Amino acid sequence: MMLNKLVNLTKMNKEITDDNKLDRSRIPSHIAIIMDGNGRWAKKRGLPRIAGHREGMKVVRRIVKRANQLGVKALTLYAFSTENWKRPKPEVEFIMKLPEQFLLTYLPELIEENVQVRTIGQKEGIPSYTQKAVNEAIEKTKHNDGLILNFALNYGSRFEITEAVRQLSKDLDAGTISAEDVDENLIGSYMMTKGIGDPDLLIRTSGEIRLSNFMLWQLAYTELWFTDVYWPDFSEVDLEQAILDYQNRGRRFGGV
Ligand code: V0D
């Protein structure tokens, strides 16, 4: 009887220990993150909103590094939505200088770490100096075959889908494809994420429980994970917790 209890306790303990340890063989291949709460983080500290964006940029660097170490294959970061243009002009101007700043400081490190930079979104809408910095990073990392670091810049999912349908319609008109060819795979190939698998895990910081027009097509089967933590406070430990929860969900409810 006593032994039985002890065995059970040991089993429970083992389960607790296992539940708290990342399974390195089941790391989500593609993680997408909505990096929300920079303004609120700053407000809480009596700082201007831009201070939150600057701090958020530093967190990007740390999370990219950790994701890469953990063996994540693709990381998509929602940096600026088509909605964000409604913010005060000085704030938008500051944000648009971040890619240049980020790359000036961290591009050598990204190259060192074999990271490949990509973007989704409408590049046309953003200032030329922002485009220039981003294009340079894409060019200089295009032969890297490590982590794909995919920035969603001036991105909106309905716009992405609309553009895909428009292009698909043109190809139908031109006769390069026929209606019978249209399936989920083909539609996926018209999306800006072409060549990157769908996200396995979506993280949204700062307490909002919405998708906000982010990757609506690609998130069809994605595990969603929300935290109240503001993006500038998001740490490597939070990332690992999200991955751990993702792994435990799979283990408890997984069909196959
Ligand atoms: C502000 C928190 C890095 C979210 C992170 C233009 C809001 C800091 C980049 C970046 C932004 C983008 C492309 C690239 C290299 C870096 C960035 C924006 C905003 C929108 F190639 N941080 N970051 N881009 N923020």
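Predicted model: local features only at pLDDT ≥ 70, side-chain atom pairs only at ≥ 80, totals over all residues.

Colleague: Fine. How many helices and strands does the chain have?

Modeller: There are 9 helices and 6 strands.

Colleague: And what does the C-alpha trace span along its principal axes?

Modeller: About 75 × 55 × 35 Å.

Colleague: What share of the residues is buried?

Modeller: Of the 256 residues in the chain, 42% are buried.

Colleague: What about contacts along the sequence? Of those between residues at least 6 apart, what percentage join residues at least 24 apart?

Modeller: That figure is 77%.

Colleague: Which residues come nearest to the ligand?

Modeller: H53, A79, L98, F102 and F151, out of 18 residues around the ligand. The protein covers 98% of the ligand's accessible area, which is 520 Å² for the ligand on its own.

Colleague: By class, what kinds of residues make up that shell?

Modeller: The shell has 15 nonpolar and 3 polar residues. It has no charged ones.

Colleague: Is T119 buried or exposed?

Modeller: T119 counts as buried because its relative accessibility is 19%, and the cut-off for buried is under 20%.

Colleague: New topic. What is in strand β5?

Modeller: L202 is one of its residues, and the strand runs over residues 201-204. L202 is buried, at 0% relative accessible area.

Colleague: What does L202 touch?

Modeller: Beyond residues up to four places away in sequence, L202 touches A32, I34, L211, F214, L219, T222, E223, L224 and W225.

Colleague: How far is L202 from F226?

Modeller: They are 24 residues apart in sequence. From C-alpha to C-alpha they are 8.2 Å apart.

Colleague: You listed W225 as a contact of L202. Where is W225 placed?

Modeller: In strand β6. W225 is buried, at 8% relative accessibility.

Colleague: And what are the contacts of W225?

Modeller: With residues up to four places away left out, W225 touches L201, L202, I203, R204, F234, D238, Q241, A242, D245 and R249.

Colleague: Now the loop between β5 and β6. Which residue there has a positive phi?

Modeller: S212 is one of them, with phi near 50°. S212 is not a glycine. It lies in the loop between β5 and β6 (223-226).

Colleague: Is S212 buried or partly exposed?

Modeller: S212 is partly exposed, at 34% relative accessibility.

Colleague: What does S212 touch?

Modeller: Y78 and R204, not counting residues up to four places away in sequence. S212 and I34 are 178 residues apart along the chain, and their C-alpha atoms are separated by 9.2 Å.

Colleague: What about M215?

Modeller: M215 is in the loop between β5 and β6 too. M215 has a positive phi of about 50°, and M215 is not a glycine. M215 is buried, with a relative accessible area of 0%.

Colleague: One last residue. Where is Q218 found?

Modeller: In the loop between β5 and β6. Q218 is buried, with a relative accessible area of 1%.

Colleague: Which residues does Q218 touch?

Modeller: Y155, E160, M191, T193, D198 and P199, with residues up to four places away in sequence not counted.

Terms used. Residues numbered from 1 in each chain as written. Heavy atoms only, no water. Near = heavy atom within 4 Å. Areas by Shrake-Rupley, 256 points an atom, 1.4 Å probe, with all protein chains shown as cover. Nonpolar A, V, L, I, M, F, W, Y, C, P; charged D, E, K, R; others polar. Helix = DSSP H or I, 4+ residues; strand = E, 2+ residues; numbered from the N terminus. Buried < 20%, exposed > 50% of the residue type's maximum accessible area, 1.4 Å probe, protein only. Contact = heavy atoms within 4.5 Å.
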